[in-house]
Amino acid sequence: MAAKMKNCSTCNAEIASNAKTCPSCGAKNKKPIYKRWWFILILVVLVLSALGGTGGEDAETPELQSVASRQPAEELASGEDATEPSAEELASDEDTAEPTVAEPEKPVNTVPEMTMGQKNALKSAQQYLDYSAFSYEGLVKQLEYEGYSNADAVYAVDRCGADWNEQAALSAESYLEYSSFSRQGLIDQLVYEGFTAEQAAYGATAAGY
């Protein structure tokens, strides 16, 4: 059975009488004032008062007087819906409420500062790499030879930013500039200098072998 149609009180568009809101303007589809429970109740009170005559006004029950007195004059004038919101409306309000975002905690800087020995060892390591090629092991030994502790030397070499494959290639080119080597001989020489077998093979290939 098709729903009865009516005109929206706000935009005058035709809508179903049982629709909650107008699909055109979004206004609430309010019930006519004569269909609201409190209006009907007031009519019943007035009818009973009229039937009871003048003396019937005093006989009106306290419950009816209390209900009638609770209706605000502004609500009668505006015709707004006095019904409490449904569970769906309450749930919708909760869903649309913006969630509270907790402010992230600022990270605590737990990185310790470099000691004087680590700082100078790192500076020395970078200076050595500026003019010569070194393996990881070779650079650690060179720093230890300069008087740095093993811990400071390892700390510096770990953080000097060297590409050890590139260092192996530079070292291989340096050897080939003043001496002749077979591929395997060049790889063996690079391994002797402290490069790994993989780094030595990479260096020989990069040098032309």
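## Helix H10 and its neighbours

The buried residues of helix H10 pack against helix H8 (164–178) and helix H9 (183–192); a contact here means heavy atoms within 4.5 Å. Helix H10 spans residues 197–206, and its buried residues are Gln 199, Ala 200, Gly 203 and Ala 204. Viewed down the axis of H10, these residues fall within an arc of 135°, so they line one face of the helix. The arc is taken from the directions from the helix axis to the C-beta atoms. Buried means under 20% relative accessible area, exposed means over 50%, and partly exposed lies in between (1.4 Å probe, protein chains only). Just after H10, Gly 208 has a positive phi of about 125°.

## Basis of the model

This is a predicted model, in which local features need pLDDT of at least 70 and side-chain atom pairs count only at pLDDT 80 or more, while totals for chains, interfaces and linings use all residues. Residues are numbered from 1 along each chain as its sequence is written, and side-chain values use heavy atoms, with hydrogens and water left out.

## Overall layout

The protein chain has ten helices and two strands. Along the sequence the pattern is β-β-α-α-α-α-α-α-α-α-α-α. Helices (H or I, at least four residues) and strands (E, at least two) are DSSP runs, numbered from the N terminus. Of the 209 residues in the protein chain, 24% are buried. Among contacts between residues at least 6 apart in sequence, 42% join residues at least 24 apart.

A search of the whole structure finds one salt bridge, defined as a side-chain nitrogen of Lys or Arg within 4 Å of a carboxyl oxygen of Asp or Glu. The pair is Glu 137 and Lys 141, with an N to O distance of 3.0 Å. Both belong to helix H6 (residues 136–145), and because they are four residues apart, about one helical turn separates them. An α-helix has 3.6 residues a turn, so residues three or four places apart point the same way. Glu 137 is partly exposed, at 40% relative accessible area.

## The second largest pocket

The second largest pocket holds about 250 Å³ of space. Helices H6, H8 and H9 are the elements that give two or more residues to its lining, and H8 gives the most, with five. The lining comprises 17 residues, of which Ser 135, Gly 138, Tyr 175, Glu 193 and Gly 194 lie nearest the centre of the pocket.

On a 1 Å grid over the protein atoms alone, a pocket is an open set of points with protein on both sides within 12 Å along at least five of seven lines, and lining residues have an atom within 4 Å of a point. Grid points are joined across faces, edges and corners, and the volume is the space filled by probe spheres set on the points. By class, the lining has eight nonpolar, six polar and three charged residues. Ala, Val, Leu, Ile, Met, Phe, Trp, Tyr, Cys and Pro count as nonpolar, Asp, Glu, Lys and Arg as charged, and the others, Gly among them, as polar.

Ser 182 sits in the loop between H8 and H9 and is partly exposed at 45% relative accessibility. Its C-alpha lies 8.4 Å from that of Tyr 209, 27 residues away in sequence.

Gln 127 is in helix H5 (residues 116–131) and is partly exposed at 42%. The C-alpha atoms of Gln 127 and Cys 160, 33 residues apart along the chain, are separated by 9.8 Å. Thr 21, in the loop between strand S2 (14–16) and helix H1 (37–56), is partly exposed at 41%.

Terms used
1 Å grid on protein atoms, 1.4 Å probe; cavity = no way out; pocket = protein on both sides within 12 Å on 5 of 7 lines; lining within 4 Å.
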